[in-house]
Amino acid sequence: MPVTRSFLSEIVALFGQPVAENPTQAMHERAFAALGLSWRYVTLEVPPEGLADAVAGMRAMNFAGANCTLPHKVAVMAHLDEITPTARKIGAVNTIIRQRDRTLLGENTDGKGFLRSVRETGFSIPGARAAVLGAGGAARAIAVELAVAGAAEITVVNRSAARGAELCRDVADQTGVPARFEPWVGEWPVPPGVQLLVNATSIGLYPDTDAVVPVDRCSLRPGLLVCDVIPNPPETPFLRRARAAGAAALDGLGMLVYQGAIAFREWTGHEAPVPVMRAALEEVFGATSST
Ligand code: NDP
C-alpha cells in the first residue's frame, strides 16, 4: 500500500531546569490543535551541562523552534547562529526560531509580550516615564523594550544595588534612553511624574501569594498604570492595592500569552489564536485574568 499521508510532526521544545511546572506546553499545544496543525510542544528538563547537546539535538532533529527558561536564557546565546538586535540588547534569549536555511535565530519575546499587553489597555508608551521594580531577566526585557518603544525615562528599583545599576547602564548604553537606579529601602514611594509602574520581581509568585511588593500605597494614584509580571496567580495583592488606590491594574497573564503568541507566529507563520491560549493558561492556573 502506498503511504498517502505524512506522519512527520513539527516539534517545538522547552529547555529549562526545573521545568516540570512550566505551563507553556499547555498553551501552545492548545493553539496548534485549534489551527489543526500537526505540531507538538515538548517540555524537556535540560541541566546547564546538557544545553549545548540539547541545541545540537534540536538541529539534528530539525525542530521548528524552542523556548528557553531559567537557567538557560543567557547561556543559550553562545550556541545559536544569530541573535536579534533587541535580544542582544537585553542580553538573553527566550525563543529560538528555525530559519528557512535551518540556522537558529535567538529572539526575546518577553518584553514584546509585555508591551503588547500594555498597549491593549490604550496606554501610550512614547514619551512615558516608567519605573521598573527588579533587575532580573524579566526586568531587563521590559526595561529595554520600553526604551526601544520610546519611553522618555526608566527608573530601576532593585534590592541588589549592583544588579540594578548594571541594568541602568545597559539600558542607557544600548538605547540612549536615560535610566537611573534607586535603591529599594522600605516601601518605595513612586515619584509623581511616573506614569507606568511595573513589578518585575518574583514577589507574589505561587506559593508566596500573600507577599506584597513594598511600594508606598500613598504614592499609588489615579492616572498611574500598575503592571505585574506574576502570571500565577494573576490577581496579586500588589494589583489589588493599586486598584484600591484608584490606579489602573494590568496582570502578568497577558504578558505570558503574548510572549507565546509572538513566538507562535514566528515558528508557524500563522497568527496565534490568543483567546485559546489565554483560556488554556487560565485552566492551568485555575484563574481568570483582570485588567
Ligand atoms: P530573576 O531571578 O532573574 O530576577 C528576580 C528579581 O526579583 C531580582 O531583581 C530580585 O532582586 C527580585 N526579587 C526577588 N525576591 C525579592 C524580594 N523579596 N524583595 C525584593 N526583590 C526581590 O527572575 P526573572 O526576572 O526571570 O523573573 C521574575 C518574575 O517574572 C518571575 O516571577 C517570573 O515568573 C516572572 N516572569 C513572567 C513572565 C510573563 O510572561 N508573565 C515572563 C518572564 C518572567 P535581587 O536582584 O536583589 O535578587
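Which helices each supply at least two residues of the shell around the ligand? In this predicted model, where local features need pLDDT of at least 70, side-chain atom pairs count only at pLDDT 80 or more, and totals for chains, interfaces and linings use all residues, they are α5 (137-148) and α8 (253-268). Residues are numbered from 1 along each chain as its sequence is written, and side-chain values use heavy atoms, with hydrogens and water left out.

**Ligand surroundings**
- Of the 20 residues around the ligand (a heavy atom within 4 Å), A135, A138, N158, S160 and V229 come nearest.
- Polar contacts (pairs of N or O atoms within 3.5 Å) include a backbone N or O atom of S160 at 2.9 Å from a ligand oxygen atom, and a backbone N or O atom of G252 at 3.0 Å from a ligand nitrogen atom.
- The ligand has 930 Å² of accessible area on its own (Shrake-Rupley method, 1.4 Å probe), and the protein covers 78% of that area.

**Sheet**
- Six strands (DSSP E runs of at least two residues, paired if DSSP finds at least two bridges) form an open sheet of mixed pairing in the order β2-β1-β3-β5-β6-β4.
- Because β2 (39-45) and β4 (82-83) each have a single partner strand, they stand at the edges, and one side of each is left without a neighbour in the sheet.
- β4 pairs with β6 (residues 104-107) in the parallel sense over 2 bridges, and E82 stands opposite L105 in β6.

**Helix on the sheet**
- Helix α1 (residues 24-34; helices are DSSP H or I runs of at least four residues) lies across β1 (10-16), β2 and β3 (65-68).
- The helix α1 runs at about 170° to β2, with angles taken from 0 to 180 degrees between N-to-C directions of axes fitted to C-alpha atoms.

Key:
Contact = heavy atoms within 4.5 Å. Polar contact = N/O pair within 3.5 Å; in protein donor to acceptor, adjacent residues only side chain to side chain.
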